[in-house]
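Hello,

Here is the structure I promised to pass on. Please open it first, then read the notes below alongside it.

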Amino acid sequence: MRHVISILLENEAGALSRVAGLFSARGYNITSLTVAPTEDPSLSRMTLVTSGSEAVVDQIRKQLNKLVDVVKLVDLTDSQWIEREMLLIKVSAEGEERDEIKRLSDIFRGRIIDVTEEAYTIELTGDGSKLDAFIAVIHSRRILEVVRSGVIGIARGSVTCAPDAP
Amino acid sequence: MSLELTGAEIFVRCLRDEGVEYLFGYPGGAVLHIYDALYKQEDIKHILVRHEQGATHAADGYARSTGKPGVVLVTSGPGATNAVTGIATAYMDSIPLVVFTGQVMTNLIGDDAFQEVDAIGITRPCVKHNFMVKDVRDLALIMRKAFHVATTGRPGPVVVDIPKDITAHKTTYTFPKNPTLRSYKPVTEGDSGTIRKAAELVLLAKRPMVYAGGGVVLGNAAAELTELVRWMGAPCTNTLMGLGAFPGTDPLFVGMLGMHGTYEANMAMHECDVLLAIGARFDDRVTGDLDKFCPNARIIHIDIDPASIQKNVAVEIAIIGDARLVMREMMGVLNASGKRLDGPALAAWWSKIETWRARHCLEYDRANTEVIKPQFVLETLYRLTAGEAFITSDVGQHQMWAAQFYKFNKPRRWINSGGLGTMGFGLPAAIGVQLAHPGETVACVTGEASIQMCIQELSTCKQYDLPIKIINLNNRYMGMVRQWQEFFYQSRYSHSYLEALPDFVKLAESYGHAGLRIDKPSDVEAALKEAFAQRDRLVFLDFITDQTENVYPMIAAGKGHHEMHLATDRELA
């Protein structure tokens, strides 16, 4: 099963490779991984998407928690959560196709952020399936480049993955 | 304004304030400032090894035999890479080490400078944690954190990488009081409700079994284990790492379990109805085929590491906590219950176990007067040292025979590389053990293949007058490799035969030690006595043993505990 895990990590050199190294050393799946600083400069936020049996994901959570640089970990999949991913896609857009692509982008609430005579670059945000759907409707022959950010997520309601009060 | 000290001086002060007795190391360019600071003090005794692998194993032997952290100092580049095997060895067996690696100057890092290696990157998968010091003002706190992380929770090695310029920079020094890491808070107390549930399950057992591992030794919980097992009246087995956690001569002890464990231990595992696992991690060499593992048992697992629980085997009751505290609390609950285990059921269980014991699974050809049986050497060693010696071991057949035939009544006396299986461990480990226990008998059980992997440490033994006794079981083969090739590769002995062995007696003598070669069974006892009588010098005993002896019993890969082989022509169960 797919799990989205939110991790607060010491913002130290090497912390990211501890996480990545754990996954390769133990043979766990990693679907996507995003990491960026937080409002507290000493912490980074990582959102990690993985998959495996419940026993494997249980081990993944425990092994991650064992890393000294991991300050807090929440498996968002344990409750209600929201996730988003950003897609930047460059598609060839010439002749009568330009209008059609613009319409498709509007339907998906995408934004065209760069235009040339031959191509559009579209920005689109949503969950993974929405991005997949958009890529599917833009025929592959039109696609010049696809850049996806990887998933970020947050729990619904008052659940947080914030540091414990000291 | 207090006096400013250099990083090198702070390093030494910090070790002193941490209570470090011995520093195992080898100098080199990146750590010369530190070595200069060491030269100017007398608090820390530096032990100069002959190879950095030896330094880590010696510190490891010191740690295993004392419970205190082992401390290592090596230079950058090859100093760090040579230390890696020892660090990985300690990591697999959860041994507290703090290893300081020198590093090139901060401004050269990343430039492929002379003797530069990414020590943090290389050691990352085999340390509990590692740190690089980037500012001399952080040095003392990082060192304090390193000792804290290495010695608490599930112990393990911690590496601290120190660039050379940091050791020259100056700052004021205060010993940090409480190193707190917001992200590191190991659990110690077990959950009381779960402990009560576990106690209730223990009381329901008709065929109880206690399976205790290295965690009991590391957690200084041998006394608590012994009390609990005796209260239960249950059979107790120890893992390779746990030997000595429960007295080896106690009638409740059924021997080691697993691949080369006893028939009675493995059969009791297979047929028990309640299994109490303490400080053990269900390693593949212990469990055999997981699908056939303890098919009738409800399992309780006590471990300080949450990640060890439900990793290989699904358990019904999991208690995360310090083995000593958890067992004390469980003992309290059991005593307060006013109940005991079902006496008649227990008696029936024991009579079954006695029938397994009666198979004498460790029997070997004792009558042989022609050739020395390795088991005979170890039995004699056990008898002559009254089970009181510290025994270090290398890896292979001799290791298994030592584990089977030497009965350890006390913890921290059996020092071997269980998890990583590092050949070359035994001799340097014995250095650390002998330094920590100057008046005690320390014997290194080894083979002619293993001993050559760190033979250079004979020189260290001479320098520090360490009267270690080396029991070399010399069968001119990599015995365990040969055994597997005999069983599973139709006796094609591919590169497991050592055709150009040194004369070990002369070799020992050239290092300044005594050497004895023994090739007759009738000389074994006299040679051991002669060696142990020489209390002030190292004696290298080269026993020429049976070339074809195999370790039995054995569970082959993919088999269950009930499918042991006693000998090639005799199958158990």
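**Where the chains meet**

The contact draws 17 residues from chain A and 13 residues from chain B. On the side of chain A that touches chain B, the elements giving two or more residues are H1, H2 and strand S4 (70-75) of chain A. H2(A) has the largest share of that side, with six residues. Sorted by class, the side of chain A that touches chain B holds six nonpolar, five polar and six charged residues.

One residue to look at from the chain B side is B:Ser183. Leaving out residues up to four places away in sequence, B:Ser183 touches A:Glu10, A:Val68, A:Asp69, A:Val70 and A:Val71. B:Ser183 sits in the loop between strand S8 (170-172) and helix H7 (192-204) of chain B. It counts as partly exposed, with 17 C-beta neighbours inside 10 Å.

**Confidence**

Bear in mind that this is a predicted model. It scores ipTM 0.91 and pTM 0.96. Chain B has a mean pLDDT of 96, and 99% of its residues reach 70 or more.

**Helix H1 of chain A**

H1(A) covers residues 15-26. Does its length agree or disagree with what 12 residues should span? At 1.5 Å a residue they should span 16 Å, and the end C-alpha atoms are 17 Å apart, which agrees. The buried residues of H1(A) are A:Ala15, A:Arg18 and A:Val19. Seen down the helix axis, these buried residues fall within an arc of 95°, so they line one face of H1(A). Their cover includes strand S1 (2-10), strand S3 (43-51) and helix H2 (54-66) of chain A. After H1(A) comes A:Gly27, with a positive phi near 70°.

**Cores**

In soluble globular proteins, nonpolar side chains tend to be buried together. Here the largest nonpolar core has 213 residues. Which of them touch the most other members? They are B:Val72, B:Ile87, B:Val160 and B:Leu225. Helix H6 (residues 136-151) of chain B gives the most to this core, with nine residues. Another core lies apart from it and has 10 residues, among them A:Ala93, A:Ile122, A:Leu131 and A:Ile138.

Take B:Ile87 as a place to start. Setting aside neighbours within four places in sequence, B:Ile87 is in contact with B:Thr56, B:Leu97, B:Val99, B:Thr123, B:Cys126, B:Val127, B:Pro157 and B:Val159.

B:Val274 lies in strand S12 (residues 274-278) of chain B. It counts as buried, with 26 C-beta neighbours inside 10 Å. B:Val274 and B:Pro208 are 66 residues apart along the chain, and their C-alpha atoms are separated by 4.8 Å. Not counting residues up to four places away in sequence, B:Val274 touches B:Leu201, B:Val202, B:Leu204, B:Ala205, B:Pro208, B:Ala297 and B:Arg298.

Then there is helix H16 (residues 426-436) of chain B. Why is it described as largely enclosed by the rest of the structure? Because 11 of its 11 residues are buried. The buried residues of H16(B) include B:Gly426, B:Pro428, B:Gln434 and B:Ala436.

**Backbone points to check**

Most residues other than glycine have a negative phi, and most peptide bonds are trans.

- B:Gln115 is not a glycine, yet has a positive phi of about 55°. B:Gln115 is in the loop between strand S5 (97-103) and helix H5 (119-123) of chain B. It is partly exposed, with 16 other C-beta atoms within 10 Å.
- B:Arg412 is not a glycine either, and its phi is positive, about 65°. B:Arg412 is in the loop between helix H15 (397-405) and strand S16 (414-415) of chain B. It is buried, with 21 other C-beta atoms within 10 Å.
- B:Tyr552 and B:Pro553 are joined by a cis peptide bond, with omega about -5°. B:Pro553 is in the loop between strand S20 (539-544) and strand S21 (565-567) of chain B.

Best wishes

Key. Residues are numbered from 1 along each chain as its sequence is written. Chains are lettered from A and ligands numbered from 1 in the order in which they are written. This is a predicted model: local features need pLDDT of at least 70, side-chain atom pairs count only at pLDDT 80 or more; totals for chains, interfaces and linings use all residues. pLDDT is the predictor's confidence in each residue, from 0 to 100. A nonpolar core is a set of buried Ala, Val, Leu, Ile, Met, Phe, Trp, Tyr and Cys residues joined through C-beta atoms within 7 Å. A residue is buried if 20 or more other C-beta atoms lie within 10 Å of its own, exposed if 12 or fewer, and partly exposed in between; C-beta atoms are placed from the backbone. Helices (H or I, at least four residues) and strands (E, at least two) are DSSP runs, numbered from the N terminus. Two residues are in contact if their C-beta atoms, placed from the backbone, lie within 7 Å. The expected span of a helix is 1.5 Å times one less than its number of residues. The arc is that of the directions from the helix axis to the C-beta atoms. Ala, Val, Leu, Ile, Met, Phe, Trp, Tyr, Cys and Pro count as nonpolar, Asp, Glu, Lys and Arg as charged, and the others, Gly among them, as polar.
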